[in-house]
Amino acid sequence: MSDDARPHLVVLTGAGISAESGIQTFRAADGLWADEPVEAVATPQGWARDPERVLRFYDARRDQVRGARPNAAHRALAELEADGFRVSVVTQNIDDLHERAGSRSVLHLHGEILMARSSVDAKLRYPLSRGGIRLGDLCDKGAQLRPDVVWFGEAVPAYPEACDIVAEADLLLVVGTSLAVMPAAMLLDQAPFGAPCALVDPEAQALAPAGVAKIARPAGEGVPALVRHWRETRALSMPEGRLD
């Protein structure tokens with residue numbers, strides 16, 4: 001339980017917010033899986049069969065992340081925090097765009113592409129300030145390094161911490177996610193009873209569960225508009241009229 005008395009905005013972000021910075025999503029027709037099947041590059045079994053193929057795939061993704069820039073949605077959330085609001089970001093994304101925009105409280109549910117970790121001890125993590133991972137790159141225990149990402153079929157170690165964060169939300173904002181990826185989709189159930197929840201996504205009308213406010217706009221439009229409202233009113237509340 002935090003002793004911070006300020007109203008707490010918790011933001012759950014997914015691939016849609018990063019897509020506006022040019023990072024390919026998993027589910028798009030031209031997305032990350034267009035040339036690489038999931039089971040080959042994003043499962044423990046694929047890693048066991050062909051680690052070099054997995055490393056090549058994540059090296060290419062790492063280059064894409066390094067070349068991307070935070071967009072208006074990332075920047076607006078960081079500006080809200082800099083303006084004195086309490087903002088916690090829980091992201092499904094493995095890029096560092098929230099951090100580069102200036103957000104200081106960011107939890108990565110599915111790991112971080114710019115980190116490597118030991119294949120035998122998940123607590124041994126190493127920053128990748130440049131370059132990638134090669135076969136023969138070893139951790140301090142002498143085991144091969146792997147991408148510090150959560151693959152399909154693996155546990156999500158950060159999930160309990162994410163639940164704790166959402167449980168302290170005064171307002172929950174969901175941005176750019178289909179709410180279809182488990183266990184992240186279950187995080188909405190952790191919000192306190194009565195806490196407002198909004199979804200910013202072009203497909204919000206179809207995606208938002210009952211009781212969730214629908215803002216059918218791209219992240220780069222919807223999030224800055226909400227942030228302007230909160231900064232003007234100095235309160236975390238959902239606007240009653242048109243969101244400009």
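A note on terms first: helices (H or I, at least four residues) and strands (E, at least two) are DSSP runs, numbered from the N terminus. This is a predicted model, where local features need pLDDT of at least 70 and side-chain atom pairs count only at pLDDT 80 or more, while totals for chains, interfaces and linings use all residues. Residues are numbered from 1 along each chain as its sequence is written, and side-chain values use heavy atoms, with hydrogens and water left out.

**Entry 1: a pocket strand.** Which strand gives the largest share of the lining of the second largest pocket? I found that β4 does, with 3 residues. Among the 16 lining residues, His108, Arg125, Asp148, Pro157 and Ala158 lie nearest the pocket's centre. I noted 8 nonpolar, 2 polar and 6 charged residues in this lining. (Ala, Val, Leu, Ile, Met, Phe, Trp, Tyr, Cys and Pro count as nonpolar, Asp, Glu, Lys and Arg as charged, and the others, Gly among them, as polar.)

**Entry 2: His98.** I located His98 in helix α6, residues 97-101. Is His98 buried or exposed? It is buried, at a relative accessible area of 1%; buried means under 20%, exposed over 50%, partly exposed in between (1.4 Å probe, protein chains only).

**Entry 3: helix α9.** I then turned to α9, residues 219-233. Its buried residues include Val223, Leu226 and Trp230. Among the elements covering the buried residues of α9 are β1, α5 and β9. Just after α9, I spotted Arg234 with a positive phi of about 60°.

Notes:
Expected span 1.5 Å × (residues − 1). Contact = heavy atoms within 4.5 Å. 1 Å grid on protein atoms, 1.4 Å probe; cavity = no way out; pocket = protein on both sides within 12 Å on 5 of 7 lines; lining within 4 Å.
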